Amino acid sequence: MEFTPENLIEQLNGLKETATAELSSTATTTDLEAWRVTYLGRGEGLLPKAIKILPLIPHEDRKATGRFANKVKTLLESKYSQQFVVIQNENSIKNNLQDSIDISLPGRPIRKGRLHPTTQIIREVCSAFESMGFQTVEGPEVEWELFNFGLLNIPKDHPARDMWNTIWIDRMTDNLDNRGGMLLRTHTSPMQARTMLKVQPPIRVVVPGRCYRYEATDATHEWHFFQIEGLVVDEGITFSDLKGTLYEFARQIFGEKRKVRFRCDYFPFVEPGVEMAIDCFGCDGRGCRICKQTGWIEIMGAGMVHPKVLEMVGYDPNRYTGFAFGLGAERIAMLKYGIDDIRFFYDNDLRFLKQF
Amino acid sequence: MRLPLSWIREMVNITISPSELADRLTMAGLEVSAIETKGEGWQNCQVGCVLSVDPHPNADRLRLCTVDLGDEQLQVVCGAPNVEAGQRIAFAKSGAELLNTRSGKKEILRPAVIRGVASNGMICSELELEIGDDHSGILVLPHDAPIGMSLQEFLGEVVLEVDVPANRPDGLSLLGLAHEIAAICNTRIIQPNLEYEELGPLTSESVSVIVDAPESCLRYTASLISKVSVGPSPKWMQNRLIEGGMRPINNVVDITNYVMLEYGQPLHAFDFDKIEDQTIIVRQANPREHFVGLDGVERTLKPPMLVISDPKKAIGLAGIIGGANSEVSPTTKTIMLEAASFHAFNTRRTGTELKLRTEASLRFEKGERPGLPPIGLRRATQLIAQLAGGTVFKGIIDTNPKSASNPSITLTKKRLNQLLGMKLPIGLVQSALLTLGFESSRSGNSLLKVEIPYWRADISIEADLIEEVARVIGYDRIPTTMISTPIPHHNPDIYRTIKEYLRDCFVLAGFQETITYPLIGQNILEKSRFFLGESPEPLKLSNPLRPEHQYLRTELISSILQTLASNQRLVEGPILLFEIGRRYIPQNGELPLEEDVLSAVLAGSRSPISWIESNNSMNFFDGKGVLEAIFKDLNLREVYGVTRRPALVPGKTATVYVDHVEVASIGEVDHKVLKAFDVIKQPVIYLEIDLTQLLSIFPNRETQFIAPPRFPGSERDLALVVDSTIEHKKIFDLIQKEPLVVETTLFDVYSGPQVAEGKRSLGYRVLFQSNTKTLTSNDIDRATDAILEKLNKEFGANRRY
C-alpha cells in the first residue's frame with residue numbers, strides 16, 4: 001500500500017479503521033506480532049510509511065495532518081497493548097485448563113476423635129455450675145461405709161439403705177472400726193462429707209464421678225454409672241437459693257424455655273428433700289412416651305443439707321445451712337440425644353460413640 | 001401401697017379428681033406410680049332391678065326379663081340360671097364396652113334379636129364386668145343397691161399405687177394417706193369407730209405378758225376375745241382386702257390385715273388355747289432355735305432375733321410372722337390379739353438374715369411409733385366384736401403405757417425463714433400443720449410448739465416440720481433466688497485442667513474416647529497376670545453382679561485391648577482409642593490408691609482407605625508423635641529411654657521421663673498378648689500416661705517468656721554416615737550442645753545400598769543463630785567443623801558429602 005500526499009488524513013483514517021478491525025480478530029501472539037509488523041513495524045510498517053510522506057504535504061496542512069497521524073499512532077499502540085493483555089490472559093487460562101484437577105475427588109482425610117458422651121455431659125453440667133461459682137472436684141470410688149452411708153444420716157439397718165443396693169469389697173481382715181465395711185460408692189454423695197471435713201464454709205462444689213449399684217441392668221438402669229453431685233454450704237443459704245440455682249442449671253442445659261417443677265421427695269441426708277423435673281421437651285408437657293404421659297421428666301434429687309449431716313462433720317447447723325443435689329450423667333445424655341438404652345454407654349461400640 | 005379410693009372416701013372427703021389427687025400426692029412426696037381404674041367400659045351400665053322373669057317363647061334355656069332402671073324399663077333376653085325377679089343386678093345398655101366371654105375381647109354391646117325376641121341390653125356376670133372369674137350366672141348385687149345408679153359409681157373402683165418413702169410408715173396406711181389427702185383438700189379426717197363393749201373378765205387376770213427384751217420390744221399390747229366364731233369375713237371386707245392387695249383368709253385374720261391397711265399397725269391373732277400357761281414372753285431367740293412360721297417353713301433363729309413365746313415354745317417371730325403352732329383355725333374359740341412396737345432395725349436385720357419380708361415387717365422396719373399399737377388393737381378388737389361375735393375381756397395389756405406420749409418440737413419463724421428463704425405468718429404455718437394433724441400452741445408471733453401425732457415416725461427435728469410446712473403450702477410457692485453470698489475462693493485445679501487438656505489433645509489427634517468398666521473377671525485377671533507378670537493382688541468384690549466383674553483392675557491395658565478387639569471387625573481403617581480411667585492399687589487396711597491413667601492404642605492403617613493417602617500401618621512413631629506434640633505443648637522436655645515392659649515388644653518400647661520422673665510409656669504390643677485378647681489387627685501401639693506422676697512435676701512450672709531472636713539464623717544440612725547402633729538421640733544431643741545451634745531437626749534416615757553394611761545415614765537440618773550478631777558463613781563453617789570433628793571422635797561419624 002502506497003500513500004499519496006493528497007488526502008493523507010482520509011488515508012490515515014482508512015488505515016486506522018482497517019488496523020483496528022484486524023487487531024480485534026488476532027487470537028494468538030503470532031497474529032498479534034504480524035499485525036504489529038504490518039502496521040507499526042519500524043520502516044516497513046504502514047503507519048511509519050505514511051508518516052514518511054508528511055514532508056510532501058503542503059505547509060499549511062502539514063501540521064494538522066501530522067497531529068492526526070500521531071493520534072492514530074497513539075491509538076493503535078494503545079489498542080495493541082490492550083490486545084496483548086487479552087491474548088496473554090486467554091493463553092494463560094488455556095494453559096491452566098490443561099492442568100485442571102477433578103474437584104469431585106475426596107479430600108485428604110483428617111482424623112478426628114470424639115469425647116465420650118458421658119464426658120461431654122459432665123463437662124457441660126460442671127461448667128454450668130462453674131459459671132455460678134462452683135468448683136469441680138473428684139473423690140474416691142472405693143469408699144468406707146461410714147462416708148457412703150453413716151455420715152449421710154443413713155444408719156445401718158435403716159430401710160433407706162434399700163435405696164442404694166451396694167456392691168461390697170471382700171476384705172480378708174475386716175477390722176470393724178467405725179469406718180465400717182469397704183464398698184463401691186453407690187452415689188457421689190460421700191464427697192459431701194469429705195469436702196466438709198476438709199474445708200470450712202463457704203463451700204460450692206460439684207463432683208462428677210463413677211458410682212456402682214448392685215442392680216440388674218435394663219434399658220434405663222446400669223449398675224455402673226456417673227453421677228454429678230453438688231454441695232453449697234454457707235451462712236444464709238436457703239431453699240429458694242436451691243430453686244434458683246437448679247433452675248438456672250436447667251435453663252443452661254435444656255434451654256431457657258424449659259419449665260421446672262420441684263416436688264417433695266425423701267433422701268435421708270437432706271431436709272426438706274426435693275425432686276426436680278423439667279417439662280417434657282418431647283411434648284412440651286402434654287404427655288408422651290418420653291415423660292410416660294406425665295408431662296414431666298425427673299432429672300435430679302436435691303434438698304437442704306440435713307442438720308445431722310452438718311453436725312456430724314462438726315459444722316454448727318444453727319449457723320450454716322446449705323443445699324445438695326445429685327443427677328445422673330447418662331440420664332441427661334439420654335434425654336438430650338434421645339438415646340433409648342443406657343447399655344450403649346459402656347458397651348464401647350465405636351458406631352455408637354462416633355455419633356456424639 | 002395400694003390406695004382404693006372408695007375405701008378412703010370413708011375417712012376423708014376427696015374434693016378433686018383421682019388424677020389431680022395423684023398429682024398432688026406426688027408433689028407432696030408420696031409419688032403415685034399408677035392409677036388403676038376398675039370399670040372403664042362401664043359408661044352405659046346401671047344398677048337395675050329385675051321386675052319379672054318370663055319364659056322365652058322360642059327357647060327353653062332362655063328367659064325374658066323386664067328390668068327397671070328407674071327412669072325406664074327394658075326387655076332383655078337372659079340365659080343365666082340364677083336370674084330371679086326382685087334381684088338387683090348390673091345392667092348394661094347398648095354402647096357399653098364389656099368383655100365378650102367367647103372371644104375374650106372387649107366389645108361394644110349392640111341391640112340384638114335373640115330367637116325372634118328383641119333384647120335391649122344385658123344382665124352382666126362378674127366375668128363380663130371383669131371384676132371376677134364367675135360366669136356361671138349373673139352378678140347379683142346387694143338388695144339395697146340404688147336402682148338407676150351408674151354402675152361405675154356403685155361398683156367401680158379407682159386404686160392409686162403410692163410409692164411410699166422409707167421414712168414414712170404412715171404412708172403404708174389408709175389413715176396416714178387420708179391425713180395427706182385432708183391437707184391437700186384442706187379438710188379434716190373422719191376417724192374409724194373404736195368403741196366396743198367389754199363384757200368378759202379382766203384381761204390382766206387372764207393373761208400375763210413378760211417383756212424380756214425391752215430394747216427390741218418397746219411396747220406390747222394385747223386383748224382377749226372369747227367365744228368367737230371363725231368363718232369367712234363379710235364380702236365388703238374381702239373386697240377391700242383384695243383391692244388393698246391382700247388375700248382374704250378368715251374373719252379374724254382378715255380383720256388383723258384390714259386394720260393393718262387401715263392404721264398401719266401390724267397385728268397378730270393367736271389361738272389363746274394353744275398358749276401354754278396363759279403366759280406370753282417376749283424374748284430373744286435362743287441360739288439355733290427352730291421355728292415354723294404360718295407359711296409352713298421351718299427356720300433356724302439366733303439372738304438377738306426376737307420371738308413371742310409361751311413358757312415352752314416360740315409362737316411367733318416378732319414383727320415378721322406368726323407361728324404355725326398357735327394359728328387361728330375354724331375351731332378356735334378364744335383369741336388373743338397382739339399389737340406391739342418392735343424395734344425397727346432389729347426387725348429389719350432379722351428379716352434380712354432370714355430373707356423373709358412380710359407386710360408386717362415392712363411396716364415395723366420403717367419405725368412405727370409406740371403410740372400406735374393400742375389404737376390399732378382397739379380397732380381390731382372392735383371389728384372382731386362386730387363381725388366375729390364373741391365376748392371382749394375388760395381392759396387391755398399394755399407393757400409401756402408411758403411410751404404413748406407425743407413428743408413436741410419447737411418451730412421458730414426465724415428458722416423457717418433461714419431455711420426456706422421466705423417469710424410466713426405464724427398463723428398460716430399453724431393452720432398448714434393442722435391440716436396434716438399436727439396440733440400446736442403458739443407463743444407470740446414467732447414460735448410454735450408442735451405436737452407430733454402418733455402416726456408420724458419421720459418427724460424428729462425442726463427441719464422436718466419445715467418440710468411439712470413447705471409441702472403443704474407447695475414447693476412452687478417458695479421464691480426462686482440466686483445465691484447471694486460471695487463466691488468462695490477456689491485455687492486453680494491444675495490436675496483437672498491437665499486431665500481435660502489431655503482428653504482434648506487425644507481427640508484432636510484422632511483418638512476416640514472410651515469408658516470401660518473398672519471391674520474385671522477371673523479370665524482377664526489371669527490373662528493380665530500371665531502377660532503383665534506380678535501385679536498386686538486386686539481388690540475382690542464380695543457380691544459381684546457377674547463373674548466378669550469380680551475384681552477392681554490394677555492396670556488399664558486389658559480394658560483398652562478388649563475394646564479394640566470388640567471393634568476391630570466393625571470399623572474400617574485406623575482405630576485410635578483412649579481412655580482416662582483409674583487403677584485401684586490395694587493398700588493394707590486402707591482405701592486403695594485410685595490412680596488416673598491415660599491409656600491409648602493405635603491400630604490399623606494410618607488413614608481411612610483413600611485414593612490420596614498411602615495405606616501404611618501405623619507404627620511406634622505414630623504414637624510417639626502424639627506424645628511429642630503433647631509434651632511440647634505442655635512445655636515439658638521429655639526423654640525417651642529404651643526399656644522393657646510386660647506385654648510390649650522388647651526393642652520397640654520406650655519409657656518417657658520428664659525431670660527423671662517416669663511419666664509415660666509407649667511400645668508395640670506383643671503379638672501373644674494381642675492373640676490372648678483376640679486382637680487381629682497388627683501391629684498395635686500402646687501408650688500410657690501416668691497422670692499422678694505427670695502432675696507431680698507440674699506445680700513449679702510457669703510459662704517463661706523468651707524474646708524472639710533479633711538476628712537472622714542460618715541453616716545447614718549435615719548428612720552423616722554412622723554405625724547403625726549409634727542412637728539418633730546421642731548424635732542429636734551432641735549437635736545441640738554446640739553454642740550457636742538453636743534447633744536441630746532429623747529429616748532423613750537411610751540404610752541401604754548407598755551406604756556401607758552396618759551403617760546408616762542420618763540427615764540433620766541445623767539452625768545456627770546468635771543473640772549478639774548476624775553470623776557470617778565463616779562463623780557457621782567453623783561451628784559445623786567443630787560439630788563434625790566431635791561427631792567423628794565420639795561416634796566415628798563421617799559426613800556423607
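In the predicted model, the axes of helix α15 (residues 494-508) of chain B and helix α18 (residues 620-633) of chain B approach within 11 Å and cross at roughly 135°. Axes are lines fitted to C-alpha atoms, for helices over the stretch in contact, with angles running from 0 to 180 degrees between N-to-C directions; helices (H or I, at least four residues) and strands (E, at least two) are DSSP runs, numbered from the N terminus. The two helices α15(B) and α18(B) are therefore oblique to each other, since angles under 35 degrees count as roughly parallel, over 145 as roughly antiparallel, 65 to 115 as roughly perpendicular and the rest as oblique. The contact (heavy atoms within 4.5 Å) involves B:Y501, B:L502, B:C505 and B:F506 of α15(B), together with B:V626, B:I630 and B:D633 of α18(B). Of these contact residues, six are nonpolar, none is polar and one is charged (Ala, Val, Leu, Ile, Met, Phe, Trp, Tyr, Cys and Pro count as nonpolar, Asp, Glu, Lys and Arg as charged, and the others, Gly among them, as polar).

Strand β35 (residues 638-642) of chain B pairs with strand β36 (residues 648-658) of chain B in the antiparallel sense over five bridges, pairing requiring at least two DSSP bridges. Within this arrangement, B:V642 stands opposite B:A654 in β36(B). A hairpin is formed by β35(B) and β36(B), with five residues between them, and B:A647 in the turn has a positive phi of about 75°.

Chain B has a mean pLDDT (the predictor's confidence in each residue, from 0 to 100) of 92, and 99% of its residues reach 70 or more. The model scores ipTM 0.86 and pTM 0.85.

Residues are numbered from 1 along each chain as its sequence is written, and chains are lettered from A and ligands numbered from 1 in the order in which they are written. For this predicted model, local features need pLDDT of at least 70, side-chain atom pairs count only at pLDDT 80 or more, and totals for chains, interfaces and linings use all residues, while side-chain values use heavy atoms, with hydrogens and water left out.
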